[in-house]
Every structure is written in structure tokens, then in C-alpha cells.
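Subject: Structure for you to look at

Hi,

Here is the structure I promised to pass on. Please open it beside this email and follow along.

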Amino acid sequence: MAGFTRERSLVLERNRLEQERLFPPTEFTWTDEVDGGRFERLIYDLLECEPGVR
């Protein structure tokens, strides 16, 4: 059982490190006013790139 616990800890630590490096925390700061038309265009452009989105 001790071997399993040790290996499990190693896997969990590796997963934590991979998560930290591959998906770092992201923070966005918006201006006080967002132009609605530009925002809609941004969303349209993003969705247009997604496969299967019509």
C-alpha cells in the first residue's frame, strides 16, 4: 500500500505542475466602456473559427 500511496503522490504532483505550466491563470482587464458593436464582431469572429458553429 505504501508504494501505491507514493506513486499516487508523484502522479498528483506531476498533474499539478502540468496544469500550472499549460493553463496558467489568466486575467483580463476591460476598459470602463466596451463598444457593443466591436464586442459582437469579436464574438462573431471567434465563433466563426470554431468547427461546427453556424
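Start at Val 34. Val 34 sits in the loop between helix H1 (2-22) and helix H2 (36-49). Keep in mind that this is a predicted model. Is Val 34 buried, partly exposed or exposed? Its relative accessibility is 42%, so Val 34 counts as partly exposed. The cut-offs behind that word are simple: buried means under 20%, exposed means over 50%, and partly exposed is in between.

Val 34 also belongs to a nonpolar surface patch of about 870 Å².

Now move on to H2. Asp 35 caps the N-terminal end of this helix. One of its side-chain oxygens lies 3.2 Å from the backbone nitrogen of Gly 37. How far apart are the end C-alpha atoms of H2? They are 20 Å apart. That agrees with expectation, because 14 residues at 1.5 Å a residue should span 20 Å.

Next, the charged side chains. Side chains of opposite charge can pair when their charged atoms come close. How many salt bridges does a search of the whole structure find? It finds five.

One of them is in H2. Asp 45 pairs with Arg 41, and the closest N and O atoms are 3.2 Å apart. Both residues lie in helix H2, four residues apart, which is about one turn of the helix. Here is the rule to remember: an α-helix has 3.6 residues a turn, so residues three or four places apart point the same way. Asp 45 is partly exposed at 29% relative accessibility. Arg 41 is partly exposed too, at 48%.

Arg 16 forms a salt bridge with Glu 20, with the closest N and O atoms 3.1 Å apart. Arg 16 and Glu 20 are separated by about one helical turn because they are four residues apart in H1. Arg 16 counts as partly exposed at 42% relative accessibility. Glu 20 is partly exposed as well, at 45%. Which residues are linked with them in a network of salt bridges? The network joins Glu 13, Arg 16 and Glu 20.

One more pair to find: Glu 7 and Arg 6. Their side chains meet in a salt bridge, at 3.4 Å from N to O. Glu 7 has 41% relative accessibility, so it counts as partly exposed.

Best wishes

Technical notes. Residues are numbered from 1 along each chain as its sequence is written. This is a predicted model: local features need pLDDT of at least 70, side-chain atom pairs count only at pLDDT 80 or more; totals for chains, interfaces and linings use all residues. Side-chain values use heavy atoms; hydrogens and water are left out. Patches are made of residues with over 30% relative accessible area and no salt bridge: like charges are joined within 9 Å, nonpolar side chains (Val, Leu, Ile, Met, Phe, Trp, Tyr) within 5 Å. Accessible areas come from the Shrake-Rupley method with a 1.4 Å probe; for residues, only the protein chains shown count as cover. A salt bridge is a side-chain nitrogen of Lys or Arg within 4 Å of a carboxyl oxygen of Asp or Glu. Helices (H or I, at least four residues) and strands (E, at least two) are DSSP runs, numbered from the N terminus. Buried means under 20% relative accessible area, exposed over 50%, partly exposed in between (1.4 Å probe, protein chains only). The expected span of a helix is 1.5 Å times one less than its number of residues. A polar contact is a pair of N or O atoms within 3.5 Å; within protein, one must be able to donate a hydrogen and the other to accept it, and residues adjacent in sequence count only if both atoms are side-chain atoms.
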